[in-house]
Amino acid sequence: MQSYTIGQAARLLGVSPDTARRWADAGRVATHRDDSGRRLIDGRDLAAFSIEVAQGGTGEEDASYTSARNAFPGIVTAVKLGDVAAQVDIQAGPHRLVSLLTREAVEELGLEVGMQATARVKSTSVHIDRT
């Protein structure tokens, strides 16, 4: 399972690293240390926390959110597989994006909850890039 540094988590949540650090210090999201002493957040824990943050509006109120070139980097919060089709949910800061794509595409990208991905939007289509 992928883990994220406090800085990476902050970027995915759309907040400053100081805010993410304060949340971790307060126990709002669990962390562990790697061999070099850096604090890391498990991808599944970060995915669940990103939904909580988005629903609770606990992000920094003055933070600006942009879709520069229509790209929304975020974290995969749900993958629902059908026989042929699949649904992938991404939380990109305060934005929840849902993409319907083929099951084969999800399997080829290796998408799973907790991993980083970027939703790219063109017109009415959302494309998912594994990052």
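This is a predicted model: local features need pLDDT of at least 70, side-chain atom pairs count only at pLDDT 80 or more; totals for chains, interfaces and linings use all residues.
In α1, residues I6, A10 and L13 meet P17, A20, R21, W23 and A24 of α2. Sorted by type, the residues of this α1–α2 contact come out as 7 nonpolar, no polar and 1 charged. As for geometry, the axes of α1 (residues 6-13) and α2 (residues 17-25) come within 8 Å and cross at roughly 110°. With 65 to 115 degrees counting as roughly perpendicular, α1 and α2 are therefore roughly perpendicular to each other.

Next comes the sheet. Its 3 strands run in the order β1-β3-β2, the sheet is open, and the pairing is antiparallel. β1 (3-5) and β2 (32-33) sit at the edges, each pairing on one side only. Between β2 and β3 (residues 39-42), the antiparallel pairing takes in 2 bridges, and H32 has L40 in β3 as its bridge partner. Helix α3, spanning residues 43-56, packs on this sheet and touches β1 and β3. The direction of α3 makes about 75° with that of β3.

Among the chain's elements, strand β5 (residues 85-92) has the highest mean pLDDT, at 96, while strand β8 (residues 125-130) has the lowest, at 76. Residues 58-68 are another matter: the pLDDT there is below 50. Even so, that stretch has 16 contacts in the model beyond near neighbours in sequence.

Conventions:
Residues are numbered from 1 along each chain as its sequence is written. Side-chain values use heavy atoms; hydrogens and water are left out. Two strands pair if DSSP finds at least two bridges between them. Helices (H or I, at least four residues) and strands (E, at least two) are DSSP runs, numbered from the N terminus. Contact means heavy atoms within 4.5 Å. Axes are lines fitted to C-alpha atoms, for helices over the stretch in contact, and angles run from 0 to 180 degrees between N-to-C directions. pLDDT is the predictor's confidence in each residue, from 0 to 100. Angles under 35 degrees count as roughly parallel, over 145 as roughly antiparallel, 65 to 115 as roughly perpendicular and the rest as oblique. Ala, Val, Leu, Ile, Met, Phe, Trp, Tyr, Cys and Pro count as nonpolar, Asp, Glu, Lys and Arg as charged, and the others, Gly among them, as polar.
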